[in-house]
Structures are given as C-alpha cells and as structure tokens.
Amino acid sequence: MSNSFTLDGVTLRDMTAEDVTAVEALERRLFPVDAWPVQMFFDELAQVDTRRYVVAEAGGQIVAYAGLMCIEPIADVQTIAVVPEFEGKGIGSAILTELIAEARRRGAADVLLEVRADNPRAQALYVRFGFEQIHVRPRYYRDGTDALIMRLPLTEGNPA
C-alpha cells in the first residue's frame with residue numbers, strides 16, 4: 001500500500017499518532033469492556049519493525065482501524081474494528097486484505113487472530129478469507145466470553 005487508497009469514498013491509510021485520540025474514542029465505544037488504554041496505541045505505533053496499523057476515513061472521520069503484529073513466522077491481527085454505521089460496505093474486507101498483504105510482505109507463514117465466540121459477523125468475514133478455527137481460549141474476554149483462535153496459512157497456493 002502506497003500510504004492510502006480510496007474505496008467508495010472511504011480512504012484507507014496508515015495510522016499516525018495524531019489518530020490515536022479518535023481511535024481510542026472509537027475503541028471505548030466499540031469495545032467498552034475490553035478497550036485498550038490510550039497508551040497501548042502509542043506503544044504499538046512506536047514498534048514499526050513489527051507492527052502496522054491502518055485507519056479508514058470517510059468524510060474526515062475515522063470509521064475503522066486495525067493493526068498487525070508480525071514476528072516471523074507468525075503475524076497476528078491485534079485489533080480490527082469498523083463502526084456499526086459503516087459495516088457491510090467492504091471496509092473490514094479491505095482492511096483485512098491489507099493486513100494479510102502486510103503479513104506476506106513481512107515474510108509471515110501464518111496469520112492468527114482471536115475473535116469473540118459471540119461475534120458471528122466477524123467470524124464469517126474471517127472464514128471468507130480462508131481462516132480456520134484452531135483453538136478456543138475459554139473466558140478470554142473480560143466479560144467471560146470465549147475467544148476463537150483462527151489461522152490463515154499463507155502458502156503459495158492460498159490466494160487470500
């Protein structure tokens with residue numbers, strides 16, 4: 001990714017420190033129980049050798065964000081979120097496509113992620129991309145919900 005691209009009026013670009021305030025406000029709105037503290041976003045952005053974070057903007061507002069950690073041979077989707085008003089517009093797919101491409105650029109063999117067991121919409125997105133559930137982490141989230149661990153092998157024959 002050059003630094004940004006546009007999809008139906010939504011621009012996807014690298015997250016900057018200037019975005020953290022808006023992203024953290026969305027984080028608290030979208031994940032009230034499990035929200036990351038603001039400092040965690042700054043800490044993640046500072047680790048450019050192993051991290052990549054992106055945001056999607058529409059009308060000057062951040063409507064989605066995501067991050068990837070890659071320490072060969074594993075890439076891990078740290079977070080991915082789309083505001084409800086913008087779900088179903090292909091933004092989550094565009095962001096996930098970019099994270100997978102970044103994992104490939106960094107030489108990862110697999111992409112892993114955790115998803116809430118009670119979030120079928122996100123699970124369906126990941127399955128469409130070829131992720132498979134490989135494990136369950138019982139009571140992973142603060143409210144006691146299980147996490148499903150999913151993996152996407154980045155083999156030569158896998159088009160994802």
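1. Gly67 has Thr79 in E5 as its bridge partner. The model is predicted. Strand E5 covers residues 74-82 and pairs with E4 in the antiparallel sense, over 8 bridges.

2. Of the 11 residues of E4, 8 are buried, so the strand is largely enclosed by the rest of the structure.

3. One aromatic cluster is made up of Trp36, Phe41, Tyr53 and Tyr65.

4. The structure holds 5 aromatic pairs. One of them is Phe41 with Tyr65, edge-to-face, at 6.2 Å centre to centre and with 80° between the planes. Phe41 belongs to helix H2 (residues 38-45) and Tyr65 to strand E4 (residues 61-71), so this pair ties together parts 24 residues apart in sequence. Phe41 and Tyr65 are both buried.

5. Tyr140 and Tyr141 make an edge-to-face pair as well, with 5.0 Å centre to centre and 90° between the planes. Tyr140 is partly exposed, at a relative accessible area of 41%. Tyr141 has 13% relative accessibility and therefore counts as buried, the cut-off being under 20%. Arg116 lies over the face of Tyr141, 4.9 Å from the ring centre.

Note on methods
Residues are numbered from 1 along each chain as its sequence is written. This is a predicted model: local features need pLDDT of at least 70, side-chain atom pairs count only at pLDDT 80 or more; totals for chains, interfaces and linings use all residues. Side-chain values use heavy atoms; hydrogens and water are left out. Rings of Phe, Tyr and Trp (its six-membered ring) pair if their centres lie within 6.5 Å; planes under 30 degrees apart count as stacked, over 60 as edge-to-face and the rest as tilted. Helices (H or I, at least four residues) and strands (E, at least two) are DSSP runs, numbered from the N terminus. Buried means under 20% relative accessible area, exposed over 50%, partly exposed in between (1.4 Å probe, protein chains only). A charge sits over a ring if NZ of Lys or CZ of Arg is within 6 Å of the ring centre and within 35 degrees of the ring normal. Two strands pair if DSSP finds at least two bridges between them.
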